[in-house]
Amino acid sequence: MCHALGTKRRPSISSLGGPDRKPSCKRQEGNIPPANRNGVGQTGRIDKSYPTVCGHTGPVLDIDWCPHNDQVIASGSEDCTVMVWQIPENGLTLSLTEPVVILEGHSKRVGIVAWHPTARNVLLSAGCDNAIIIWNVGTGEALINLDDMHSDMIYNVSWNRNGSLICTASKDKKVRVIDPRKQEIVAEKEKAHEGARPMRAIFLADGNVFTTGFSRMSERQLALWNPKNMQEPIALHEMDTSNGVLLPFYDPDTSIIYLCGKGDSSIRYFEITDESPYVHYLNTFSSKEPQRGMGYMPKRGLDVNKCEIARFFKLHERKCEPIIMTVPRKSDLFQDDLYPDTAGPEAALEAEEWFEGKNADPVLISLKHGYIPGKNRDLKVVKKNILDSKPTANKKCDLINIPKKTPDTASVQNEAKLDEILKEIKSIKDTICNQDERISKLEQQMAKIAA
C-alpha cells in the first residue's frame, strides 16, 4: 500500500508522510473576512425574512449545482417537475420564484437530479414513475426517456467520468450500468446487496462501480465491481449493523471515498487502489450530533494553502456545519501530489454534440495558484419552434405528440422574422462570450500582479 515519494506513481494518501499523516478533520471556526461576507464563510443565524428560491408547489426532494456554471442550480420536487434556476452573482436580495425553465415529463415526484459532468446544459432526472429523463436544458426539451428499464424505485443515479454511461441502484436490488444514448443496459447485477434496505451505486474514475448496501442480516456493506464482469465483486467489506443508509462521496483526484451514514455522527473514509484489498480503510471522523444530510464542496472551492482535500456541509436539525478534511504537511509549498489537475468549470462538449454521440473527458485545471473564478455566462433557454421540428425515428424520445399544422403565408413570414431575431441573438451572445473571455484573462493578470 505504501509507495515512495520519489516514484513516478502518485503515492496513496495513507502513505504521505507516514501513518500520522492521514487526513484529519476540523470544524470551521473564526470570523469572516469582509471580502467573504456573501460567501460560504458566512456564519451565524439567518434572518427569518431571508430570501429563498421558492417556485415549486411541493417539497423539494433533490438539488444539484451545475458543474459548468456556479450560478445555476437544478431542483426536483414532489410536484413532478424539474426546475432550473439562475442565482444572481451577488446572491439573492429578493425571493426567487421564476425559474429559467420548467422541465415537465415525469408523472410522479422527482427524487433525483444530476448534471452531466462534461456536456453543457445536459441534465438527468429520475422520478418515482421509475423513469429516467435526460434533458437539453438549453432548449427545454426531453431528448431521452428511459422508462422501461426499472421495475421498481430508483435509489440513485451516477454518471461516469466522461458522461458516456450511467449506473443506477434500485429497490429491486439490482445495480445496472446503462448506455443512455443507445438506451440499453450494458451490465447488470442482481442482488448486489441482499438486504432489503436502500443501496447506493457510483462510478469511479477508472470505470469500476462502488456500491453500499445491506446484507441479509442487516449488516452494512460496501463493494467494488468491474462492469465488464459483475458475477463477483472485486472487493466486499462488512461494516456494522446500523440502520443508516451509507451515502458515498467520491474524490477522483485522491481516490478517496467518504461514507456518511444517515443518522450517524461519523464520516468514514477509504482509499481505492488497484492492489488488494482494493478498498483500504483510512480513518473515521466522529462528532456528537447525528447528520440529517451532507453536502460536498467541489475541489476548486478548497483552500490549497491549508492542504484541504475535502469539505463537507453537515446538516443538523437547526444548522449547517462545515467539516474540513486536511492532510498535515510541514511545508508551505504547493503539494502537487494532493492536488493533481482537477475538473474545471469549462464544459468539454455542447449538449448537441453529446446527444449526437460524442464523448470527452473533463477539462482539467491546475490549482497551483488557487482557483480564480471567471464570469459565469447567463443560462439562456431558446425553445425550438415546433413547426421546424422534424419527426424523430426513436419513439422513446417522442414525449409529446403535437398535431401537424399547415403553415399559412403569415406564419411563414413570422418564421422568417424569427430566424432573423435568432441570428441576431446568436451574434450578440458570441460578442458577449468573447468579452467574458477577455475579462477573465484580465482578471487573471490582475490576480497574478496582486499576488
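Contact means heavy atoms within 4.5 Å. This is a predicted model: local features need pLDDT of at least 70, side-chain atom pairs count only at pLDDT 80 or more, and totals for chains, interfaces and linings use all residues. Residues are numbered from 1 along each chain as its sequence is written, and side-chain values use heavy atoms, with hydrogens and water left out.

**View 1. Serine 265 in the loop between S19 and S20.** Strand S20 covers residues 266-272. Helices (H or I, at least four residues) and strands (E, at least two) are DSSP runs, numbered from the N terminus. Setting aside neighbours within four places in sequence, serine 265 is in contact with Phe285, Ser286, Ser287, Lys288, Glu289, Pro290 and Gln291. The C-alpha atoms of serine 265 and phenylalanine 285 are 8.4 Å apart. Along the chain, 20 residues separate the two. Serine 265 counts as partly exposed because its relative accessibility is 27%. The classes are buried (under 20% relative accessible area), exposed (over 50%) and partly exposed (in between), with a 1.4 Å probe and protein chains only.

**View 2. The open sheet S18-S19-S20-S21.** Four strands make up this sheet, and their pairing is antiparallel. S18 and S21 (279-286) are the edge strands, each with a single partner, so one side of each has no neighbour in the sheet. From one strand to the next, the twist averages 25°. For such angles, axes are lines fitted to C-alpha atoms, for helices over the stretch in contact, and angles run from 0 to 180 degrees between N-to-C directions. S18 pairs with S19 (residues 256-261) over six bridges, in the antiparallel sense. Two strands pair if DSSP finds at least two bridges between them. Tyrosine 250 has isoleucine 257 in S19 as its bridge partner.

**View 3. A salt bridge between aspartate 251 and lysine 299.** The N to O distance is 3.0 Å. A salt bridge is a side-chain nitrogen of Lys or Arg within 4 Å of a carboxyl oxygen of Asp or Glu. Aspartate 251 belongs to strand S18 (residues 246-251). Lysine 299 sits in the loop between S22 (293-296) and S23 (308-315). The pair links distant parts of the chain, 48 residues apart. Aspartate 251 is buried because its relative accessible area is 3%. Lysine 299 is at 11% relative accessibility, so lysine 299 counts as buried too.

**View 4. A salt bridge between glutamate 346 and arginine 120.** The closest N and O atoms are 3.4 Å apart. Glutamate 346 is in the loop between S25 (342-343) and helix H1 (351-355), and arginine 120 is in the loop between S6 and S7 (122-127), so the pair ties together parts that are 226 residues apart in sequence. Glutamate 346 is partly exposed at 48% relative accessibility. Arginine 120 is buried at 13%.

**View 5. A salt bridge between glutamate 78 and arginine 109.** Here the closest N and O atoms lie 3.5 Å apart. Glutamate 78 is in the loop between S3 (72-77) and S4 (81-86). Arginine 109 is in the loop between S5 (101-104) and S6 (110-115). Glutamate 78 is partly exposed, at 36% relative accessibility. Arginine 109 is partly exposed, with a relative accessible area of 36%. The structure holds 17 salt bridges.

**View 6. The S14-S15 hairpin.** S14 (residues 200-203) has Arg200 and Ile202 pointing one way, and Ala201 and Phe203 the other way. All four are buried. S14 and S15 (residues 209-214) pair in the antiparallel sense over four bridges. Isoleucine 202 has phenylalanine 210 as its bridge partner in S15. Five residues lie between the two strands. In the turn, glycine 207 has a positive phi of about 95°.

**View 7. A nonpolar surface patch of about 370 Å².** Val382, Leu418, Ile421, Leu422 and Ile425 make the patch. Patches are made of residues with over 30% relative accessible area and no salt bridge: like charges are joined within 9 Å, nonpolar side chains (Val, Leu, Ile, Met, Phe, Trp, Tyr) within 5 Å. Isoleucine 421 is in helix H2 (residues 409-450). Isoleucine 421 counts as partly exposed because its relative accessibility is 47%.

**View 8. The protein chain as background, with two helices and 26 strands.** Of its 451 residues, 44% are buried. The accessible surface comes to about 25000 Å². Carbon and sulfur atoms hold 50% of that surface. Accessible areas come from the Shrake-Rupley method with a 1.4 Å probe; for residues, only the protein chains shown count as cover. Among contacts between residues at least 6 apart in sequence, 50% join residues at least 24 apart.
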